[in-house]
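Colleague: Could you take me through this structure? I would like to begin with helix packing and then turn to the chains.

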Amino acid sequence: MAEFFATQWPLMGIAASAGIILLAQQWRSTLIGLLLNYVFVAAFLAQQQFITPDVSVFGYMVSTTVLVKIIAGLSAVLILGVTALTFSREEGTEELDEFSLAELRRAARRAQRQKIIAPLRFTDFVVPLWALILAAIASFILPRLYPIGSESVDFAWYWLTLTGIFTIVTANDVLKLGLGLLLCVSSIDLLYTAIASTIQVFPLAMLGLTTIVLSLSVSYLSALMYGRLKTLELNELYKR
Amino acid sequence: MLYLLIIFFPFAVAAGMFLLRSQPGPSITGAIICVLTEAILVLQLPVDAPVRLLGLTLTIDPLGQLVLLTILGIALFAYTVTFFITHGEHFIPVSLLLLGFTGTTVLLLQEPFVAALLMVSSGLVAILAIVDLPIGSTVLVERSPLITALHYLVLVLLSGFAMYMAFVLLTIYWPTETNGQASPSHLIIALLIVGFGMRFAIFPFHSWLIEVAEFSAPMVTVFIITALNSTGLLFLISTFQFFPIIVTENERGMHVLMALGGVTMIVSALFGLATPHLRRTPTYLIVGNSGFMLVGVASASSSGLAGSILELFNHMIAVMVIYVSIALLERPDGRPVVTIRRDLLWRWPLAGSGFIGGCLLLLGAPPFSSFTSKVLVYDAAAHTGAGYVVLLGIGTLLMLAAIARLLYERLLGAAEELPTEEMPILMATSEISTSDRRQLLEPVGLTIVMFVLLGISAVVGIYPQLLLTTIESVIRGLTFVHVAS
């Protein structure tokens, strides 16, 4: 058992961090989950030695590609984190007319009321929990039915894809929906690195760019939505 | 060097235009100069002369060059339109980024994985244009554009994911006979159908395009349909070209794809017929036309391919003409905002005529070039099976009915001169139109260019060999067409 933990800790880290993203409701927890996920994916790639290590970091030999992946991931987390931290700041309201300002005040009151009426409940976790269990079962079965890489690689990318899709399906706010999409991109990244016969610079750069552009788009939409509705809740967006 | 310039020049200009975004005149002029320069660069590119860069193969064939030049021509016209019609603050930089991504995708079509990622990135950038507000806007962004952008975000990414998975399976593809395992070719084509269907707005993945057309600025819709969706069709053709095994091992899958195209045509025409709306109905017809093109490509025959590719050019011109007309028809005409306008042709004769011309071009009415392309696709369908001809025929008739109803309900009705009771201004209503109640004049220069576009289509319709010669020479080099036949 100890040997299993010693060798499979990056895989367990990937499973746990993606699980946090699917289960957690607060943006602080989900962003920490995303950060950990990028770190564990990088650790997994470094451990499996898909790419020859060429740089020494704190005495450990790692590949430059793995470092680039960590940097792209950190950038995505930073973009989302900075956006989330600056939500409360009122910007550009001086250009709005009186009707728009009234609409904003009304939205702020509604969001405030919503927070008081609907505190965090256990029932909010039921659907994500079942989704997580379903993802776990599927991630163990699918690699046996449709193997693509090694067993651990297959588990990792199936798990990331499934938790990503379930996060999108069960998301109740824009930020979490974006995190689900980022998990899907992360699974593509992992699979490409693991199965490509020769790792090329440009596709890896494109994957990094996609991660960053996606986090920018999610941040922009989240900021716009918060600026309009004073909440990120999707059900508020769909209210007529 | 030329390749690098084509890839990076629009990105560099986009960064410059972002700084100038609050000054419409200089930013539009800058964008027009950029597009012209880009067109000159594309013309200078040696055709079918691959170059290796960072381990990738960059190349352009005559078809790619023609598509790229058409997209640049459409962009040039779109920027001219923005001189006359209000556009979003970030429209110019975002559209230049889209052009940059489109150019790069066309040059990198031999690298399907990279091309799929580029298409995802371009889709993500387009989101910024969907939720864009005009310069100095005093209102908040509405819920509908936000919802549209969110739907588009998720669909773009899932489409990229499906395409990527298809390429992963293709990379590790093993022939059925060698090891006795089940062939993944059905799964590959299923993933491609889903990925491409989301991208190209094929039924049942078409709803995002209707939302985009309804809630974003007309020129944004034009860019998304012409630059992004058209590249998608080119991408599908090149995927079949590089992996002909998808076509050869999937006879049934290709039939499903053809049937899906026909069903898309019928369903979207029915939706268009049911809702005579100035924006929604033409967009449903555009979705239907995408289905028509899909039928031609999936037939994997020379006539079907030629028809679809020729239709792609007509499609781009029709989309441009229709959405410019819509933008002109939606301008203030002296009546209250709440009035339902039924006499748009009499109010705006030039824009109304352009709109009718665009719809007829989309339908394939002679003498427009779309007539030739439609005949070619019908020919391909007839060779594949009579059922497909019936599907296409029903689809075309329903599209005609939808256009007729729209014209009757919105353009050719009696003038509403009766005084209409105005809606009271309500508190917290943010869409109050403060526009001038006088009827504006039609921008004659713009409508002339619109009719020039229709004229080009008519000339190509009368002399189809102008384009067909190039298209047929490209098709002769497509291996999957020979393999299938």
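Colleague: In which handedness of crossing does H12(B) pass H18(B)?

Modeller: H12(B) passes H18(B) in a left-handed crossing, a term for the near helix being turned anticlockwise from the far one by less than a right angle, right-handed being clockwise. Please note that this is a predicted model, in which local features need pLDDT of at least 70 and side-chain atom pairs count only at pLDDT 80 or more, while totals for chains, interfaces and linings use all residues. Residues are numbered from 1 along each chain as its sequence is written, and chains are lettered from A and ligands numbered from 1 in the order in which they are written. Helices (H or I, at least four residues) and strands (E, at least two) are DSSP runs, numbered from the N terminus.

Colleague: At what angle do helix H12 and helix H18 of chain B pack?

Modeller: The angle between H12 (residues 251-274) and H18 (residues 386-411) of chain B is about 20 degrees, and their axes are 8 Å apart. Axes are lines fitted to C-alpha atoms, for helices over the stretch in contact, and angles run from 0 to 180 degrees between N-to-C directions. That makes H12(B) roughly parallel to H18(B); angles under 35 degrees count as roughly parallel, over 145 as roughly antiparallel, 65 to 115 as roughly perpendicular and the rest as oblique.

Colleague: Which residues make the contact?

Modeller: Among them are B:Gly262, B:Ile266 and B:Ala269 of H12(B), and B:Leu391, B:Gly395 and B:Ala402 of H18(B). Two residues are in contact if their C-beta atoms, placed from the backbone, lie within 7 Å. By class, the contact of H12(B) with H18(B) has 14 nonpolar, three polar and one charged residues. Ala, Val, Leu, Ile, Met, Phe, Trp, Tyr, Cys and Pro count as nonpolar, Asp, Glu, Lys and Arg as charged, and the others, Gly among them, as polar.

Colleague: Turning to the interface, how many residues of chain A are in contact with chain B?

Modeller: In chain A, 35 residues are in contact with 37 residues of chain B. H8(A) gives the most to the side of chain A that touches chain B, with 15 residues. That side of chain A has 26 nonpolar, four polar and five charged residues.

Colleague: And in chain A, is A:Gly164 buried or exposed?

Modeller: A:Gly164 counts as buried because it has 26 C-beta neighbours inside 10 Å. A residue is buried if 20 or more other C-beta atoms lie within 10 Å of its own, exposed if 12 or fewer, and partly exposed in between, with C-beta atoms placed from the backbone. A:Gly164 is in helix H6 (residues 151-170) of chain A, and its C-alpha atom is separated by 5.3 Å from that of A:Cys184, 20 residues apart along the chain.

Colleague: Back to chain B: where is the peptide bond from B:Phe203 to B:Pro204 placed, and what is its omega?

Modeller: That bond is cis, with omega near 5 degrees, and B:Pro204 is in the loop between helix H8 (185-200) and helix H9 (207-215) of chain B. B:Ala201 is found in the loop between H8 and H9 of chain B, and its phi is near 60 degrees, a positive value in a residue other than glycine.

Colleague: Which other peptide bond is cis?

Modeller: The bond from B:Pro366 to B:Pro367 is cis, with omega near 10 degrees. B:Pro367 lies in the loop between helix H16 (349-363) and helix H17 (369-384) of chain B.
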